[in-house]
There are 2 protein chains.
Amino acid sequence: MPLISTERLHTGRIVSLDLDTVRFPDGTTGTLEMLRHPGASAVIPFLDDPKWEDPRIVLIRQFRHAAEGELWEIPAGRLDPGEAPEACARRELREETGYTAGDCRRLVTILTTPGFTDERIHLFIATGLRSGDHAREADEFVEVHEMPWSEVLRLVEQREVTDAKTLVALLHAETFFRRAVGPRAG
Amino acid sequence: MPLISTERLHTGRIVSLDLDTVRFPDGTTGTLEMLRHPGASAVIPFLDDPKWEDPRIVLIRQFRHAAEGELWEIPAGRLDPGEAPEACARRELREETGYTAGDCRRLVTILTTPGFTDERIHLFIATGLRSGDHAREADEFVEVHEMPWSEVLRLVEQREVTDAKTLVALLHAETFFRRAVGPRAG
């Protein structure tokens, strides 16, 4: 679906809205609204060895205007210009929670909602955390929670976790990382 | 974070972009770009009894301009005005694949990317499918694939599935639905 032309409808602080004219696979042309996003990283911070039966992780509780309430999330944020995804994950972890990651390994990269935005979020697992001071931005209102994996899974099962990046990261880790590294959590 | 005022920056065909002025939890005010979306439904169509060891499902392969390539996805689409999420899931399944659902049960509702849009996607599992004719929209270019669950999980594990709603639905079903209903696949 090659791009024929693009018209910038709005240049925003974080996202910009374009109207793209594209050629469809059948040769016809059409227009698509496309929100351009710089991309982001998000990270599951493991406080204990992930191979343990029920390791603790860090979750954040954040008020989101879009949700008209607070959401359970993993630490995350946008890539700075030229920043590598892993560097972004480490920086956001430090800024939002105060923890510095030892090892940081890639889980999977997702398209959040490809019907209208090119936003990609790179998901990571961080281990070997060292605590320090956080440095949140002025418009971030974040509570930091430490929670055992079994309790996190219970929140997911009870539909109390609704943020897509957080669900993908936790469930991907549960299915392909936790199962691979050791006995299942209780 | 109560809304103080909102300014419509752009009214689009599918999404509209607002600049919201909100009061933050600390009493200060600020502005947030917010993409308004009508919401959507998505559905995992099970061709076999989900209690079987390795049931087949329907996946679609769709060219996405945002991804500059084809994505593996579950059938999905936007809510029509006033349409209930389950009715939308059944309609989109029929339009995209030709299958009519017998039973349709809710998995979880997600916020795709709450930093800049209020889009919610309601995820379902459909069983008791009956085949029929599809009725795709002119700009939908979709291949329908039937695949055993073990093969779907292999695609997820190998990072070949990158669409967030599809990953949440498949991994939520694997972790909390498949495990609950019968022996593990694979």
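Biologist: What is the strand order in the open sheet of chain A, and what is the pairing?
Modeller: The open sheet of chain A has 4 strands in the order β7-β4-β9-β8, with mixed pairing; strands here are DSSP runs of E with at least two residues, helices are runs of H or I with at least four, and both are numbered from the N terminus. Two strands pair if DSSP finds at least two bridges between them. This is a predicted model, in which local features need pLDDT of at least 70 and side-chain atom pairs count only at pLDDT 80 or more, while totals for chains, interfaces and linings use all residues. Residues are numbered from 1 along each chain as its sequence is written, and chains are lettered from A and ligands numbered from 1 in the order in which they are written.

Biologist: Which strands stand at the edges there?
Modeller: Those are β7 (76-78) and β8 (103-111) of chain A, and because each has a single partner strand, one side of each is left without a neighbour in the sheet. On average, neighbouring strands of this sheet are turned by 20° against each other, direction ignored.

Biologist: And which helix packs on the sheet?
Modeller: Helix α1 (residues 85-97) of chain A does, touching β4, β7, β8 and β9 (120-127) of chain A, and its direction makes about 60° with that of β4(A). Such axes are lines fitted to C-alpha atoms, for helices over the stretch in contact, with angles from 0 to 180 degrees between N-to-C directions, and two residues are in contact if their C-beta atoms, placed from the backbone, lie within 7 Å.

Biologist: How many bridges join β4 to β7 in chain A?
Modeller: There are 3 bridges between β4 (residues 40-45) and β7(A), and the two strands run antiparallel; A:Ala42 stands opposite A:Ala76 in β7(A).

Biologist: Switching to chain B, which residues of α2 are buried?
Modeller: In α2(B), B:Trp149, B:Val152, B:Leu153 and B:Val156 are buried, where buried stands for 20 or more other C-beta atoms within 10 Å of the residue's own, exposed for 12 or fewer and partly exposed for anything in between, with C-beta atoms placed from the backbone. They cover an arc of only 100° around the axis, which puts them on the same side of α2(B); the arc is that of the directions from the helix axis to the C-beta atoms.

Biologist: What follows α2(B)?
Modeller: B:Arg159 follows α2(B), with a positive phi near 60°, although this residue is not a glycine. B:Arg159 sits in the loop between α2 (149-157) and α3 (164-181) of chain B, and counts as partly exposed because 15 C-beta neighbours lie inside 10 Å.

Biologist: What about the phi of B:Glu68?
Modeller: The phi of B:Glu68 is positive too, at about 50°, and B:Glu68 is not a glycine. Its place is the loop between β5 (56-64) and β6 (69-73) of chain B, and B:Glu68 is exposed, with 11 other C-beta atoms within 10 Å.

Biologist: Now the contact between the chains: how many residues does each give?
Modeller: Chain A gives 49 residues and chain B gives 49 residues. On the side of chain B that touches chain A, α3(B) gives the most, with 9 residues. That side divides into 26 nonpolar, 11 polar and 12 charged residues, where Ala, Val, Leu, Ile, Met, Phe, Trp, Tyr, Cys and Pro count as nonpolar, Asp, Glu, Lys and Arg as charged, and the others, Gly among them, as polar.
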